Amino acid sequence: MADPLDLAADPVELTAALVDIPSVSRDEARIADAVERSLREQTPLEVVRHGNAVLARTNLGRPNRVVLAGHLDTVPVNDNLPARLVDGVLHGCGTVDMKSGDAVMLHLAATTPAPRHDLTFVFYDCEEIEAVHNGLGRVERELPEWLRGDLAIVCEPSNAVIEAGCQGTMRVEVRATGARAHTARGWMGVNAIHALGEVLRRLEAYEPRHVEIDGCHYREGLQAVGVSGGVAGNVVPDEAVLTVNHRFAPDRSPEQAERHLRELFRGYDVTVTDLSPGALPGLAHPVTRELVAASGGTPVAKLGWTDVARFAALGMPAVNLGPGDPSLAHTKQENVPVNQVRQCLEVLRRFLG
């Protein structure tokens, strides 16, 4: 049995304790054990273990339910463990993405005995790898009642401000074909790598949309992120593939985004290899307005994709609110200011009453 965490401790200390438990995707058993044991021993919540996901909730009969969600896994460690606290900044793998957010959730679970809303806490696995392995998706399929609520707060890093909704993301492979030949007689073949030149020119000339929704500014993007091709050093290649990532505003459905890319790359074979829809801001919902009022700030658009989209697909508003700068996620220099950890805690404590 894993050693318990002190959930009532300073959330910065709790963050450091979580960071010091390595939990690279697919290796979350130890941290899930610690979270499960701590919740069972230190809170009155109903607790369920599902694989390496840990779920906990109140059952107080409140008129509304708020779901708080955070993933337990990190990207591979990059010589950035154990955690180090230097001049008010906590350094280490997962400090930003997203063990500081998990620490805030765990602290709230242990220190909020009478919240204004019923609460569900979802700690899940395998968020940092392919979407098909995401533990939140597994919970949705097998324990759907645990994800129902009136508002979802995903505690991903957001610089301690509310990031509303999120953009969708799609990866496609744009394939060019040709005909093989010996490079000494190259005119007898058709070079597929050369044929990608036109695709790259279209990408270079591409102007992304800017979209305003509920006062939030979304900026779309389209980037080549990989290229493959070639047979041998003396063979004209007959196939080449360019991988392209499209980030699309939440006013576009996945089907509309796919049609847009197929039109852009007309004349080429386009295959969708990964797709996650976006989420509209949902700021008009009464419970969301309460959270915005408690934050005292102005929500901004979430430009990346997060699991708020999964909650939005279930018909509930969802926002991101967590400590840390998202641009530091997945980097060796990952770090979080301790004041942001405490700021997020105070906002959520005011919201939950």
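How many disulfides does the structure hold? The structure holds 0 disulfides, a disulfide being a pair of cysteine sulfur atoms within 2.5 Å.

## Basis

This is a predicted model: local features need pLDDT of at least 70, side-chain atom pairs count only at pLDDT 80 or more, and totals for chains, interfaces and linings use all residues. Residues are numbered from 1 along each chain as its sequence is written, and side-chain values use heavy atoms, with hydrogens and water left out.

C155 is in no disulfide. Its nearest cysteine sulfur belongs to C344, 7.3 Å away. C155 is buried, at 2% relative accessibility. Buried means under 20% relative accessible area, exposed over 50%, and partly exposed in between (1.4 Å probe, protein chains only).

For C216, the closest cysteine sulfur is in C166, at 12 Å, too far for a bond. C216 is also buried, with a relative accessible area of 1%.

## The open sheet

Eight strands form an open sheet with mixed pairing, in the order β1-β2-β6-β3-β7-β18-β8-β17. The edge strands, β1 (46–50) and β17 (300–301), each pair on one side only. Strands (E, at least two residues) and helices (H or I, at least four) are DSSP runs, numbered from the N terminus. Two strands pair if DSSP finds at least two bridges between them.

β3 (residues 65–71) runs parallel to β6, with 7 bridges. L68 stands opposite F121 in β6. Helix α3 (residues 95–111) packs on the sheet and touches β3 and β6. The direction of α3 makes about 140° with that of β3. Helix α7 (residues 286–295) also packs on the sheet, touching β3, β7 (151–154) and β18 (318–320). The direction of α7 makes about 40° with that of β7. Axes are lines fitted to C-alpha atoms, for helices over the stretch in contact (heavy atoms within 4.5 Å), and angles run from 0 to 180 degrees between N-to-C directions.

## The β11–β12 hairpin

β11 (residues 210–213) and β12 (residues 216–219) run antiparallel, joined by 4 bridges. Two residues lie between the strands, and D214 takes a positive phi near 50°. I213 has C216 as its bridge partner in β12.

Side chains alternate along β11. V211 and I213 point to one face and are buried.

## A buried loop residue

N134 lies in the loop between β6 (118–124) and α4 (135–142). N134 is buried, with a relative accessible area of 3%. Leaving aside residues up to four places away in sequence, N134 touches Y124, D125, C126, E127, D307 and R310.
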